Amino acid sequence: MKKIIIIDGGPRKTFNTASMLQKIAEGAASVSEEIEVKTVRLYGMDYKGCMSCLTCKIKDKAVNVCKFRDALTPVLEEVAQADGLVMGSPIYFSEVTAQLRAFLERLIFPWLSYNDYSLTAPKRIPVILTYTMNADAEQARGVYQSMGIIESCLNRAMGDVEHVDAHNTYQVKNYDRYELAGFSEAAKREYRDQNWENDLQRAYDAGRRMAEKIIANQ
Ligand SMILES: Cc1cc2nc3c(=O)[nH]c(=O)nc-3n(C[C@H](O)[C@H](O)[C@H](O)COP(=O)(O)O)c2cc1C
């Protein structure tokens, strides 16, 4: 079996990010019975970001999987063995959520050598990043800038990082119920009607592509 781990970094179990991740899972699973997909919801877990214990960098005992023990430990160990990694998050203040950020600290810091600044993951595996946000494609440039260092680490360590994002998402089911006058519900609805199915399809296709790559490389 080949394993794809999906890390859901959003709090809402059924909204935009979760829907995109669900489609990636469906797309991946549709490729072969050899593909197992497991989704981990970070918001259901109790864990910390990097504790700066530097255990991963002890002389002659350096490791590239975080050794700090909490609820994230088994997930990080599973990711180290996995064949594909998908991470999804709503965008909060132009970055991924605090939960996904904390996960990424624990994931990436052990890859980084402070001897020569090289980055070595336990395995080079394909990665998909899924961000959902109010921003349109143009406004989203700020998001990609904010995430630049983290994403360049992922790119250097993994080499195969694909984005499947959804812009200008519907934030609530009923805009009349909330103080959200800065958004035109009519414009949101029109954008959603024109794009959301396509976003979900792109997510499904990305999941398929990831699974196909994994099967082809086995
Ligand atoms: C605390 C908070 C901060 C947000 N900040 C941004 C932001 O900086 N840029 C943006 O485009 N959308 C922002 N949003 C909107 C969400 O990213 C967007 O609604 C997203 O699709 C929600 O994902 P979900 O439906 O999976 O929860 C913010 C939402 C919240 C709750």
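A: Let's start with a term: a polar contact is a pair of N or O atoms within 3.5 Å of each other. Keep in mind that this is a predicted model.

With that cut-off in hand, look at the ligand. A polar side-chain atom of Thr132 lies 2.7 Å from an oxygen atom of the ligand, so this pair falls within the 3.5 Å limit and counts as a polar contact. Thr169 also brings a polar side-chain atom to 2.7 Å from a ligand oxygen atom. Asn134 takes part through its backbone: one of its backbone N or O atoms is 3.0 Å from an oxygen atom of the ligand. The protein covers 79% of the 650 Å² of accessible area that the ligand has on its own.

Now widen the view to the whole shell. The ligand is surrounded by 15 residues, and the closest are Thr17, Ile91, Thr132, Ala135 and Thr169. As for the site itself, the ligand sits in the largest pocket.

From here we can turn to helix α1, which covers residues 16–29. Ile24 lies in α1 and is buried, because its relative accessible area is 1%, while buried means under 20%. Gln22 is in helix α1 too, but it counts as partly exposed, at 45% relative accessibility. Distances along the chain and in space also tell separate stories here. Gln22 and Thr39 are 17 residues apart in sequence, with 8.8 Å between their C-alpha atoms. For Ile24 and Thr73, the separation along the chain is 49 residues and the C-alpha distance is 24 Å.

Most residues other than glycine have a negative phi. Ser52 has a positive value, near 55°, and is not a glycine. You will find Ser52 in the loop between β2 (35–41) and α2 (73–81). It counts as exposed because its relative accessibility is 51%, and the cut-off for exposed is over 50%. Ala62 lies in the loop between β2 and α2 as well, and Ala62 is exposed, with a relative accessible area of 57%. From Ala62 to Lys48 it is 14 residues in sequence and 21 Å in space, C-alpha to C-alpha.

Ser94 has a positive phi too, about 70°, although it is not a glycine. Its place is the loop between β3 (84–90) and α3 (98–108). Ser94 is partly exposed, with a relative accessible area of 32%.

Finally, move on to helix α6, residues 185–216, where Ala187 is found. Ala187 is partly exposed at 41%.

Notes: Residues are numbered from 1 along each chain as its sequence is written. This is a predicted model: local features need pLDDT of at least 70, side-chain atom pairs count only at pLDDT 80 or more; totals for chains, interfaces and linings use all residues. Side-chain values use heavy atoms; hydrogens and water are left out. A residue is near a molecule or strand if one of its heavy atoms lies within 4 Å of it. A polar contact is a pair of N or O atoms within 3.5 Å; within protein, one must be able to donate a hydrogen and the other to accept it, and residues adjacent in sequence count only if both atoms are side-chain atoms. Accessible areas come from the Shrake-Rupley method with a 1.4 Å probe; for residues, only the protein chains shown count as cover. On a 1 Å grid over the protein atoms alone, a cavity is a set of points where a 1.4 Å probe fits but cannot get out, and a pocket is an open set with protein on both sides within 12 Å along at least five of seven lines; lining residues have an atom within 4 Å of a point. A molecule sits in a cavity or pocket if more than half of its atoms lie within 2 Å of its grid points. Helices (H or I, at least four residues) and strands (E, at least two) are DSSP runs, numbered from the N terminus. Buried means under 20% relative accessible area, exposed over 50%, partly exposed in between (1.4 Å probe, protein chains only).
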